There are 2 protein chains.
Amino acid sequence: MTQPGLPPLQHIQSLPSWLVGRVAAKGRGLVAEALAEEGLKLMQHAVLAATAEYGPVAQAELGRRLEVDPKDMVMLLNHLQGMGLVTRSPDPSDRRKNAVTVTAEGLEVLARCAVLAERANEELLGVLGEEEKAQLMRLLGRVYGPGAAG
Amino acid sequence: MTQPGLPPLQHIQSLPSWLVGRVAAKGRGLVAEALAEEGLKLMQHAVLAATAEYGPVAQAELGRRLEVDPKDMVMLLNHLQGMGLVTRSPDPSDRRKNAVTVTAEGLEVLARCAVLAERANEELLGVLGEEEKAQLMRLLGRVYGPGAAG
DNA sequence: GGAATTCGTTGGGCTGCCCAACGATATGCG
DNA sequence: CGCATATCGTTGGGCAGCCCAACGAATTCC
């Protein structure tokens with residue numbers, strides 16, 4: 001699929017891994033820029049969303065869901081807690097665990113972030129028609145799917 | 001395109017930016033693993049390829065081509081030079097510049113890396129047929145294209 | 001009841017990306 | 001020619017993402 005006759009750098013830049021990396025970087029940038037409006041980083045947003053989705057949940061559980069290192073989870077939650085978006089309270093049934101819960105403000109921020117992230121994605125795929133977007137998602141899903149259970 | 005009724009985390013994970021990010025991470029991993037066989041990191045490989053492609057070239061020029069920070073370029077070239085894959089010699093016509101040149105060994109490594117990177121990409125897109133790969137590349141190219149001149 | 005495991009936390013590290021400053025050198029313009 | 005301006009390589013920060021190791025406290029397994 002990639003011509004072997006290309007000069008070295010052009011060859012690398014013609015590889016799917018390179019192109020998908022560039023697109024991912026662009027997407028990251030757009031979403032990050034959008035979420036900055038609410039003062040959230042990408043991962044903080046994901047953690048906040050996971051907390052909202054899985055109700056009161058232990059840190060380690062969040063880390064497993066999002067594939068985030070425990071060390072980093074501490075910092076992420078410290079920040080979210082500092083912003084008043086989540087709370088950490090000891091789990092009475094297992095005193096090792098911190099039950100992480102979304103606050104009312106956290107839910108509000110999350111709702112606004114959903115709109116922002118959606119808008120950023122429309123900007124990312126703006127040049128594609130609806131049918132093409134669906135096609136792209138289908139192909140990417142196939143590529144990613146076999147690799148890991150999401 | 002993305003249903004607004006989804007729970008928070010599932011909503012995020014249904015966004016194109018998230019999916020393309022996951023695929024990119026998978027691609028990075030596969031290529032990085034492949035290049036490790038030659039002792040090269042992703043960026044080192046790119047710098048080596050750019051050096052080979054643009055002959056004797058100044059560091060700043062390499063940095064511009066690959067959008068790499070000058071500080072990081074120093075470290076990258078230090079490593080490549082330490083491995084004996086490139087050389088730095090003062091440019092007689094402009095004594096500020098370091099003329100970076102690939103060595104014979106650098107070219108050999110580069111040739112082997114091309115095969116490795118190609119193989120990693122075949123593994124990445126293995127589940128897709130040739131026509132689907134081309135389709136994916138076309139779509140990604142359209143998405144990335146308008147954002148930056150490669 | 002004692003061993004093994006999990007939890008949260010703290011401690012490292014490496015890479016990628018961004019910005020600021022510096023001496024040395026080159027270039028532009030008067 | 002002389003001086004301001006810019007570029008080059010280098011060094012110095014910082015921050016986020018990703019990975020691994022260790023620790024006390026608490027829990028579970030047998």
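**View 1. Helix 3 meets helix 5 in chain B.** In this predicted model, helix 3 of chain B packs against helix 5 of chain B with the axes 10 Å apart and at an angle of about 80°. Axes here are lines fitted to C-alpha atoms, for helices over the stretch in contact, and angles run from 0 to 180 degrees between N-to-C directions. That makes helix 3 of chain B roughly perpendicular to helix 5 of chain B (under 35 degrees counts as roughly parallel, over 145 as roughly antiparallel, 65 to 115 as roughly perpendicular and the rest as oblique). Look for Met43(B), Gln44(B), Val47(B) and Leu48(B) on helix 3 of chain B, in contact with Leu76(B), Leu77(B), His79(B) and Leu80(B) on helix 5 of chain B. Residues are in contact if their C-beta atoms, placed from the backbone, lie within 7 Å. This contact has 6 nonpolar, 2 polar and no charged residues. Ala, Val, Leu, Ile, Met, Phe, Trp, Tyr, Cys and Pro count as nonpolar, Asp, Glu, Lys and Arg as charged, and the others, Gly among them, as polar.

A note on reading the model: residues are numbered from 1 along each chain as its sequence is written, while chains are lettered from A and ligands numbered from 1 in the order in which they are written. The model is predicted, and local features need pLDDT of at least 70, side-chain atom pairs count only at pLDDT 80 or more, and totals for chains, interfaces and linings use all residues.

**View 2. Helix 2 crosses helix 6 in chain B.** Residues 16-35 of chain B form helix 2 and residues 104-124 of chain B form helix 6; their axes cross at roughly 145° and come within 9 Å. Helices (H or I, at least four residues) are DSSP runs, as are strands (E, at least two), numbered from the N terminus. By class, the contact divides into 9 nonpolar, 1 polar and 3 charged residues.

**View 3. Helix 3 crosses helix 6 in chain A.** Here the axes of helix 3 of chain A and helix 6 of chain A come within 10 Å and cross at roughly 120°. These two helices of chain A are therefore oblique to each other, and their crossing is left-handed. His45(A), Leu48(A), Ala49(A) and Ala52(A) of helix 3 of chain A make the contact with Gly106(A), Leu107(A), Leu110(A) and Cys113(A) of helix 6 of chain A.

**View 4. Chain A touches chain B.** The contact takes 52 residues from chain A and 53 residues from chain B. On the side of chain A that touches chain B, helices 1, 2, 3, 6 and 7 of chain A each supply at least two residues. That side holds 31 nonpolar, 12 polar and 9 charged residues.

**View 5. The protein surface near DNA strand C.** Gln59(A), Ala60(A), Pro70(A), Lys71(A) and Arg95(B) come nearest of the 19 residues around DNA strand C (near means a C-beta atom, placed from the backbone, within 6 Å). Helix 5 of chain A gives the largest share of this surface, 3 residues. The surface near DNA strand C has 7 nonpolar, 2 polar and 10 charged residues.

Key:
Two residues are in contact if their C-beta atoms, placed from the backbone, lie within 7 Å. A crossing is left-handed if the near helix is turned anticlockwise from the far one by less than a right angle, and right-handed if clockwise.
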